[in-house]
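The following exercises are to be worked with the sequence and the coordinates at hand. Each task is followed by a stepwise solution.

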Amino acid sequence: MSKPINVMIVDDHSIVREGIKQILELDGDIKVSAEAGNGKECVEKLDERSTDVLLLDINMPKMNGLQVLQYLKEKKSNVKVLILTIHNEIEYLLRAVDIGVDGYVLKDSDSAVLKKAIFTIEGGDKFIQPELTPMLRKRLDEKSSKARIDDSLTKREIEVLELLAEGLFNKEIAYTLNISEKTVKNHVSNIFKKINVSDRTQAAVYAIKHNIVDIF
């Protein structure tokens, strides 16, 4: 029989840790080698325990899960990190992915999903809960699309486009950016060519669609 995977559970609710421990240790292929009730305790225990996979909550006192993840990445730790959270908001997932998380699973998941995630990341692959991947892919596509736009437009052109999308006239844009109205007209003309639009409304729609401006 192969050696069980050593897991540390980090959650500020002891009843949650106990429940997860019982689920994970049922088959004998996973061993909960340590537990911690906050991020600071987790970091301290990691130095003294042999941990393969860290099961990490996000909302915790002293150091939250994302801060722990950031700390481990900066330290170039070899421990695999699986975030187990109630948060299904895309912002938390995006932040975790940006930092370099190995896996992300929601607390209302099936126990089979949690175990699969642990085996997957311990084997060297990433695991994002399947229900979250379409939303993540959409946001990552939007980010890369914005990056491509940012490459084609100059910093000043992006500033002009933002103000244009907010409904400002050339004269108002000139006043806001402290440049001449003629310069604004030149920028607007260049923007239209680069993003392939023919009027201000199309440019505004383009800016909104590509997250250059936020709509509330």
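**Exercise 1.** Which residue in β3 is the bridge partner of Met8?

*Solution.* The model under study is predicted. Step 1: β1 and β3 pair in the parallel sense, and four bridges connect them. Step 2: within this pairing, Met8 has Leu54 of β3 as its bridge partner. Step 3: β1 also runs parallel to β2, to which six bridges join it; there Val10 is partnered by Ala36. Step 4: between β1 and β2 the chain passes through helix α1 (residues 14-24), giving a right-handed β-α-β crossover.

**Exercise 2.** Is Asn38 buried or exposed, and what does Asn38 touch?

*Solution.* Step 1: locate Asn38 in the loop between β2 and α2. Step 2: its relative accessible area is 11%, under the 20% cut-off, so Asn38 is buried. Step 3: beyond four places in sequence, Asn38 touches Val10, Met60, Pro61, Lys62 and Met63. Step 4: a polar atom of the Asn38 side chain lies 2.8 Å from the backbone nitrogen of Glu41.

**Exercise 3.** Describe the largest nonpolar core.

*Solution.* Step 1: this core has 30 residues, and Val10, Leu54 and Ile83 are among those with the most contacts inside it. Step 2: α4 gives the most to this core, with five residues.

Key. Residues numbered from 1 in each chain as written. Predicted model: local features only at pLDDT ≥ 70, side-chain atom pairs only at ≥ 80, totals over all residues. Heavy atoms only, no water. Core = buried A, V, L, I, M, F, W, Y, C linked by side-chain atoms within 4.5 Å. Buried < 20%, exposed > 50% of the residue type's maximum accessible area, 1.4 Å probe, protein only. Helix = DSSP H or I, 4+ residues; strand = E, 2+ residues; numbered from the N terminus. Polar contact = N/O pair within 3.5 Å; in protein donor to acceptor, adjacent residues only side chain to side chain. Contact = heavy atoms within 4.5 Å. Pairing = 2+ DSSP bridges. Right-handed = clockwise from strand over helix to strand, strands pointing away.
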